[in-house]
Amino acid sequence: MDCRVVVEAAVPVYDVENEDEAIRIAISKTGEMLNPDLNYVEINMGTRITPGGEELPPVFIAADEALVALELEMTVFNVEQEEHASRIARKEIGQRLENVPLKVLSVDRLEDEEEAKTDGNGDGDSDLIPEFDDLVEDD
């Protein structure tokens, strides 16, 4: 099975003046660390939510230093379980992002081509194809 894994990264950024600058630098810095080996990883701004459910910006700035929440998405192919996919994603991303804390946010199964062709019971028949008995007319 194939899985889409989303990993949250807390990227430190130094000498910044505002949130936009911190986000641009964090995305650029992360892209440099991942490329060229992991150029298929998508980098997005993360989200932060308070315990009360209020949404916060993805950046925390103090003393011209920032911590930026980014979401890194990648597809992991040919795994046995979703847990296996999350371990692979953490290892691959973590090897390139040294000293950056990572947390797996979600693991979603991707529908295989073979699964899409079957009707769910694994026999490959579709509900759109009539049964042989239905085609034979009784005389």
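A salt bridge, as the term is used in these legends, is a side-chain nitrogen of Lys or Arg within 4 Å of a carboxyl oxygen of Asp or Glu. All views are taken from a predicted model.

**Figure 1. Overview of the predicted model, with four helices and seven strands.** The secondary structure of the protein comes to four helices and seven strands, and from the N terminus on these elements follow the order β-α-β-β-β-β-β-α-β-α-α. Of the 139 residues in the protein, 30% are buried, while the accessible surface comes to about 9,600 Å², with 46% of that area belonging to carbon and sulfur atoms. Among the contacts with a separation of 6 or more, 71% are between residues 24 or more positions apart. The structure holds six salt bridges, and some of them are taken up in the views that follow.

**Figure 2. The salt bridge between R4 and E42.** The side chains of R4 and E42 meet in a salt bridge, with a distance of 2.6 Å from N to O. Because R4 lies in strand β1 (residues 2-14) and E42 in strand β2, the pair ties together parts that are 38 residues apart in sequence. R4 counts as buried at 16% relative accessibility, whereas E42, with a relative accessible area of 39%, is partly exposed. Side chains of opposite charge can pair when their charged atoms come close.

**Figure 3. T75 and its polar contact with R4.** T75 is found in strand β6 (residues 65-76), and its side chain is joined to the side chain of R4 by a polar contact of 2.7 Å. T75 counts as buried because its relative accessibility is 18%, and buried means under 20% relative accessible area. With its neighbours within four places in sequence left aside, T75 is in contact with C3, R4 and L110.

**Figure 4. The salt bridge between R109 and E82.** In this view the side chains of R109 and E82 meet in a salt bridge, at 4.0 Å from N to O. The pair links distant parts of the chain, with R109 in strand β7 (residues 102-110) and E82 in helix α2, 27 residues apart. R109 is exposed, having a relative accessible area of 58%, whereas E82 is partly exposed, having a relative accessible area of 36%.

Figure 5. S86 is found in helix α2, which covers residues 82-96, and S86 is buried, with a relative accessible area of 14%. The side chain of S86 reaches the backbone oxygen of E83 at 2.8 Å; with neighbours within four places in sequence left aside, S86 is in contact with V5, V104 and V107. In helix α2, R96 and E92 lie four residues apart, about one turn of the helix, and R96 forms a salt bridge with E92 in which the closest N and O atoms are 3.4 Å apart. Both side chains belong to partly exposed residues, R96 at 22% relative accessibility and E92 at 23%.

Figure 6. Most residues other than glycine have a negative phi, and most peptide bonds are trans. A cis peptide bond, with omega of about -5°, joins N35 and P36, and P36 is found in the loop between α1 (19-34) and β2 (42-45). A63 has a positive phi of about 55° although it is not a glycine, and the phi of D64, likewise a residue other than glycine, is positive with a value near 60°. A63 is found in the loop between β5 (59-62) and β6, and D64 is also placed in the loop between β5 and β6. At 74% relative accessibility A63 counts as exposed, whereas D64, at 46%, counts as partly exposed.

**Figure 7. E55 in strand β4.** E55 lies in strand β4, which covers residues 55-56, and is exposed, with a relative accessible area of 58%. With its neighbours within four places in sequence left aside, E55 is in contact with T47, R48 and I49.

Methods
Residues are numbered from 1 along each chain as its sequence is written. This is a predicted model: local features need pLDDT of at least 70, side-chain atom pairs count only at pLDDT 80 or more; totals for chains, interfaces and linings use all residues. Side-chain values use heavy atoms; hydrogens and water are left out. Helices (H or I, at least four residues) and strands (E, at least two) are DSSP runs, numbered from the N terminus. Buried means under 20% relative accessible area, exposed over 50%, partly exposed in between (1.4 Å probe, protein chains only). A polar contact is a pair of N or O atoms within 3.5 Å; within protein, one must be able to donate a hydrogen and the other to accept it, and residues adjacent in sequence count only if both atoms are side-chain atoms. Contact means heavy atoms within 4.5 Å. Accessible areas come from the Shrake-Rupley method with a 1.4 Å probe; for residues, only the protein chains shown count as cover.
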